[in-house]
Structures are given as structure tokens and as C-alpha cells.
Amino acid sequence: MNVSSAIADRDVEWKDSITTESSFVRRLLISAAFLYLTLFLFVPLAAIFAEALKGGLAAYVGSFLNDDALAAVRLTLLVAAVAVPLNALFGVAAAWAIAKFDFVGKQVLISLIDMPLAVSPVISGLIYVLLFGAQGWLGPWLLEHDIKIIFALPGIVLATIFVTVPFVARELIPLMQSQGREEEEAAITLGASGWQMFMRV
């Protein structure tokens with residue numbers, strides 16, 4: 001019994017020696033992580049608050065009543081009011097199609113949904129300029145019809161939708177896949193339409 005206990009204790013110590021770092025390494029890793037957070041998170045935040053409160057708390061609060069600040073807030077709310085419903089509509093539809101059905105081009109659709117996460121914002125901005133800019137593919141037609149997209153509200157909405165479109169679909173796809181298809185297939189067998197299946201099942 002003592003021999004088996006000694007062997008078990010030795011195995012535990014051997015596993016601990018493999019999976020547990022020394023105290024020096026732990027302190028070094030924690031210090032590196034804290035230094036990284038300090039340089040790239042805490043210092044910029046402190047600089048922002050210091051600059052914002054440089055004129056005093058009254059000046060900081062008064063800056064929210066500035067015309068430029070109010071215009072920026074209105075623009076942000078307007079863009080969100082347009083982008084969020086469109087992203088929700090497309091995200092739910094795409095997640096439903098990917099999770100519940102097998103069709104040709106399914107992997108292409110998944111790749112298109114993931115594309116904004118892989119493409120640099122600089123590249124996506126360049127694509128918009130090449131498409132809608134004055135010298136772009138659609139630029140002459142847009143100028144002829146006095147339609148402004150780049151550096152205007154439609155361009156901001158398009159860029160916001162492009163950047164945020166994967167988040168709804170990527171959150172819903174695993175959830176819908178985990179629910180399975182049995183209930184939907186039973187509803188179709190009982191004569192439910194696609195819309196009834198989506199809304200009620």
C-alpha cells in the first residue's frame with residue numbers, strides 16, 4: 001500500500017513538474033502581460049482622460065453641448081439605427097440558411113461572412129474608394145446623377161455594415177446548429193410553410 005502511494009505521489013509530482021512553471025517564469029509572464037496592458041491600454045486611457053479634463057470638469061461637460069459633438073452623436077446614432085437592423089436581418093437569414101440547410105455555395109457564403117474579419121480595414125476602405133470614388137468604377141455614374149457615397153452618410157453606413165456583419169451570423173450559427181433540425185423537419189412534414197416554421201418553431 002505504501003509503495004503504491006509513493007508511486008502515485010511521484011506521478012503527481014512528475015505531472016506537476018511538466019505542467020507547472022517555476023515561480024520566476026510565472027512572475028516574468030505576469031509582468032510582461034501587465035507591461036503590455038499598461039503601454040497599450042492604461043497609458044492611452046490616462047492620456048485621453050488627462051487631455052479631456054485639462055480645462056476642468058465644467059469645460060469637459062460643456063464640450064458635449066458643442067455643435068460638432070452633437071453632430072457627431074447624431075451621426076453615430078443614425079448610422080447605428082440603419083446598420084443594426086440590416087445586420088440583424090442579414091445575420092439571422094444567413095445563420096438560418098447555413099445552420100438548417102445544405103446547398104451549393106454554402107462554404108462560399110461562410111467565407112464571405114468571415115471576410116471582414118480577415119481583411120484589413122485599410123484594404124476595405126481602398127475597395128470602397130475604387131468602387132465609389134470619383135475615379136472609381138462607379139464614380140462617373142454617381143457624379144452624373146449627383147449621388148454621394150464616399151465621405152458621406154451612405155459610405156459610413158456601408159463601411160459600418162461591412163465591418164460588423166459577421167458578428168450576428170457567427171453568434172447565431174453555432175446556436176442554431178446545436179438545436180438540430182428535427183423540429184423544423186417535423187413542421188414541414190405537417191404542412192407548415194417556411195415562414196410559419198421560422199416564426200413558430
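Biologist: Leaving aside neighbours within four places in sequence, which residues is Lys 106 in contact with?

Modeller: Contact means heavy atoms within 4.5 Å. By that criterion, Lys 106 is in contact with Ile 98, Phe 101 and Arg 181 once its neighbours within four places in sequence are left aside. This is a predicted model, in which local features need pLDDT of at least 70 and side-chain atom pairs count only at pLDDT 80 or more, while totals for chains, interfaces and linings use all residues. Residues are numbered from 1 along each chain as its sequence is written, and side-chain values use heavy atoms, with hydrogens and water left out.

Biologist: Is Lys 106 buried or exposed, and where does Lys 106 lie?

Modeller: Buried means under 20% relative accessible area, exposed over 50%, and partly exposed in between, with a 1.4 Å probe and protein chains only. Lys 106 is buried, at 16%. Lys 106 belongs to helix 5; helices here are DSSP runs of H or I with at least four residues, strands are runs of E with at least two, and both are numbered from the N terminus. The side chain of Lys 106 also reaches the backbone oxygen of Ile 98 at 2.8 Å.

Biologist: How many salt bridges does the count come to?

Modeller: Side chains of opposite charge can pair when their charged atoms come close. A salt bridge is a side-chain nitrogen of Lys or Arg within 4 Å of a carboxyl oxygen of Asp or Glu, and the count by this rule is three. One of them joins Asp 102 to Lys 106 at 3.2 Å, N to O; Asp 102 is exposed, with 61% relative accessibility. In another, Lys 54 meets Glu 51 at 3.0 Å; Lys 54 is exposed at 61%, and Glu 51 is exposed at 52%.

Biologist: At what N to O distance do Arg 170 and Asp 114 meet?

Modeller: The distance is 2.7 Å for Arg 170 and Asp 114. This pair links distant parts of the chain, 56 residues apart: Arg 170 is in helix 8 (residues 153-179) and Asp 114 in helix 5 (residues 106-118). Arg 170 is partly exposed at 34%, as is Asp 114 at 24%.

Biologist: Which residues make up the largest nonpolar core?

Modeller: A nonpolar core is a set of buried Ala, Val, Leu, Ile, Met, Phe, Trp, Tyr and Cys residues joined through side-chain atoms within 4.5 Å. The largest has twelve residues: Ala 94, Ala 95, Trp 96, Ile 98, Ala 99, Ile 110, Ile 113, Ala 169, Ile 173, Met 176, Ala 187 and Met 197. Helix 4 (67-100), helix 5 and helix 8 each give two or more residues to this core, and helix 4 gives the most, with five.

How values were computed
Polar contact = N/O pair within 3.5 Å; in protein donor to acceptor, adjacent residues only side chain to side chain.
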